[in-house]
Each structure stands twice: as structure tokens, then as C-alpha cells.
Amino acid sequence: MASINVNTKTNVPKGRSQMIQKDWLSKLKMPASIVICEVGPRDGLQNEKAMLTLEQKVELIERSALAGAKIIEIGSFVHPQAVPQMADTDEVARRIKRVEDVEYRALVMNLRGLERAEAAGIKKVKLTVSASRAHSLSNLKRTPEEAVRGFAECAEYAVTHGITLSGAISTSFGCPFEGRVPLEQVISVISSFKEIGVNELSLSDTTGMANPDQVYEYCLRVKEQFPNITWNLHFHNTRGMGLANVLAGMMAGIDRYDTCFAGLGGCPFAPGATGNIATEDLIHMCHEMGIETGYDLDQVISIGRYVQQIIGHDTASFILKAGKNSDIVCAQT
Ligand code: ZN
């Protein structure tokens with residue numbers, strides 16, 4: 001992995017402190033760039049009371065791609081009664097003007113959803129199970145491993161229809177039913193996904209219970225045990241540990257992260273809780289550190305403000321509240 005180049009255009013103090021920072025970062029073996037997946041159209045909007053119009057969803061997705069998103073989770077193909085906010089994902093997928101090299105991904109729960117995704121021209125889907133046995137048994141009456149094996153028919157369908165599958169393991173770090181989820185349990189679910197041919201996986205902290213020490217340990221171990229899997233991390237900032245967890249993930253060598261415009265998205269076990277890490281917050285942190293994201297931060301901030309406007313309330317984004325570091329520097333000079 002390439003070592004980091006400190007971006008001297010940011011607000012890093014010159015001289016000795018800059019040298020100390022550079023030394024510190026290189027010791028941490030941080031990636032020089034990361035890929036940020038915009039999950040706002042799915043994870044964010046499904047938690048909102050406001051029902052966006054088809055046009056608004058299409059606009060958010062198209063603007064995200066123009067702002068630099070390389071992966072966008074555009075929605076989910078689930079039963080409309082289960083998640084009414086996602087009822088028009090088929091139409092969203094058909095309407096968006098696609099940008100070359102951008103991956104448009106959707107969540108599916110079963111073969112029916114996968115068939116809908118295929119019909120709407122989606123080439124990448126995500127299947128989700130919970131790492132927590134208690135959570136999975138309570139929700140699906142199946143263990144996580146049984147739930148993954150239930151996706152075997154989806155795997156067959158995907159192969160014959162040229163669709164790539166990815167998997168997400170929710171509650172990978174903690175769960176309200178079990179507390180801390182043991183790494184061995186997460187590894188068992190990863191193995192089940194491998195058996196059905198899934199080679200891209202996301203460890204998701206759905207309830208915001210992960211801490212940086214745990215993230216570092218889990219990421220190092222899964223990377224070591226499954227070196228051919230592409231890893232992605234998905235943190236909710238429910239307890240303010242989201243960006244710290246990203247830093248721990250980067251130290252462990254993971255370079256793909258999910259975020260949500262304006263920091264939308266809640267926690268299924270804590271109504272009203274803070275949602276996903278805000279896209280603009282992570283981009284701002286990375287750019288201040290000299291880590292490339294490929295995003296235009298100002299465009300992302302503008303999207304975040306538009307999101308707040310159309311959902312009609314404030315959100316948990318720090319940058320939308322406080323502005324960028326450089327805004328303050330400009331204001332003083
Ligand atoms: Zn989530």
C-alpha cells in the first residue's frame with residue numbers, strides 16, 4: 001500500500017508540527033486514498049419520515065455521481081409495505097443518467113428483489129444478514145449461516161445474469177440482543193458468504209456500538225484470514241465513534257467506507273439516534289489529512305444542504321453546522 005503524502009494545501013501548521021504529523025501518519029500506514037460509497041439514497045432515506053419524490057431521488061443520485069461518488073447505493077428492492085420509502089427503486093434505477101465508471105448498487109433481500117434489480121438494469125447488489133445469532137433468530141427465525149445459505153439461489157441467478165453480488169454483515173461489532181459480537185461469529189458468517197461465491201463484504205456497525213480498538217482488531221484478523229475478499233466498512237455515528245472507527249479501519253488497511261449525505265440514517269434500536277457518518281464529514285477529515293477521496297467537497301456540502309431542505313429538518317452533519325476549516329481561515333484573513 002502506498003504511503004501517505006501530506007497535502008500542503010490544507011491547513012496543516014507549517015514547520016515542526018507538520019513534520020511530526022507526517023511522521024505519525026506514515027507510521028500508521030494510512031492509505032493514500034480511499035473509496036467512499038454514498039449510501040444516502042438507501043440507508044439514509046429509508047429512515048426518514050419524509051417521502052421524497054422520484055425526481056428528488058434521481059437528482060440526489062445524479063449530483064452525488066457528479067460530486068465524485070464512485071459507488072452509490074441507489075435504493076433497495078424490498079416489499080413496498082416493508083419499506084415504503086424504497087417503493088420506487090425500480091423507477092429510480094431506470095431514470096438516473098449513469099456516469100461511466102460509477103457503480104450503482106442496490107440492496108436486495110431475496111430472489112424476487114434480485115429479479116427486480118436485474119430488470120431495472122442494476123449490475124451490483126448487496127445481500128444483508130445479521131452477524132448476531134439472537135438478532136437473526138428473532139428477525140428471520142434462522143441463524144446467520146442459514147440465512148446466507150438461503151441466498152444460494154440468488155448466487156446462481158447472479159452468475160447466469162451477469163450481476164455481481166456483495167454481502168453486508170450487519171451488527172458485526174455489537175448488537176442490542178448480545179452486546180459485543182464475537183469475532184469468531186463474524187468469521188463464521190464470512191465463511192458462509194464465501195461458500196456461495198461472494199467476494200466483497202461489508203462489516204456494518206448498524207447500531208453504532210463498535211469502538212476503534214475492536215474495529216482495528218476485527219479488520220486485521222478478517223483481512224489476514226480472507227485475503228481475497230474486498231472489504232468495506234459501514235459505521236453509524238450513533239455514539240460519536242464513527243470517524244474514530246474509520247481511522248482505526250484505515251490503520252488496518254481498509255480503504256472503502258460507506259457514508260450518507262448530510263449524515264442521514266438512524267439506528268433500528270434507538271429511535272431518533274444519529275445516523276450514518278456524514279459524507280462531507282469523512283471527506284473533510286480525509287482532505288485535511290492529505291488522503292484523497294476523488295470528491296469535490298463543496299459539491300457534497302451543497303448536496304447535504306439540499307437534503308436538509310427537502311427532508312425539512314436539521315441533521316447530524318458536523319460540516320454542515322460548522323463549515324470547513326478553510327472557511328474559518330478565509331474569514332480571518
Ligand atoms: Zn446502515
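E5 and strand E8 (residues 200-205) pair in the parallel sense over three bridges. Two strands count as paired if DSSP finds at least two bridges between them. This pair belongs to a closed barrel of eight strands, which runs E1-E2-E3-E4-E5-E8-E9-E10 with parallel pairing. From one strand to the next, the twist averages 30°.

The model is predicted: local features need pLDDT of at least 70, side-chain atom pairs count only at pLDDT 80 or more, and totals for chains, interfaces and linings use all residues. Residues are numbered from 1 along each chain as its sequence is written, and side-chain values use heavy atoms, with hydrogens and water left out.

**Strands and helices**

- Helices (H or I, at least four residues) and strands (E, at least two) are DSSP runs, numbered from the N terminus.
- Gly167 has Leu201 in E8 as its bridge partner.
- E1 and strand E10 (residues 256-259) pair in the parallel sense over four bridges.
- Cys37 stands opposite Asp258 in E10.
- E1 also runs parallel to E2, joined by two bridges.
- Glu38 stands opposite Ile72 in E2.
- Helix H3 (residues 54-67) lies across strand E1 (35-38), strand E2 (71-77) and strand E3 (103-108).
- H3 runs at about 160° to E2. Axes are lines fitted to C-alpha atoms, for helices over the stretch in contact, and angles run from 0 to 180 degrees between N-to-C directions.

**Lys126**

- Lys126 is found in strand E4 (residues 124-130).
- Lys126 is buried, with a relative accessible area of 2%. Buried means under 20% relative accessible area, exposed over 50%, and partly exposed in between (1.4 Å probe, protein chains only).
- Beyond its neighbours within four places in sequence, Lys126 has contacts that include Arg42, Glu73, Gly167 and Asp258. Contact means heavy atoms within 4.5 Å.

**The largest pocket**

- About 1200 Å³ of space lies in the largest pocket.
- Of the 50 residues that line this pocket, the closest to its centre are Arg42, Asp43, Gln46, Asn47 and Pro268.
- The elements giving two or more residues to the lining are helix H2 (40-44), E4, helix H6 (133-140), helix H8 (152-161) and strand E5 (164-170).
- A pocket is an open set of points on a 1 Å grid over the protein atoms alone, where a 1.4 Å probe fits, with protein on both sides within 12 Å along at least five of seven lines; lining residues have an atom within 4 Å of a point.
- Grid points are joined across faces, edges and corners, and a volume is the space filled by probe spheres set on the points.
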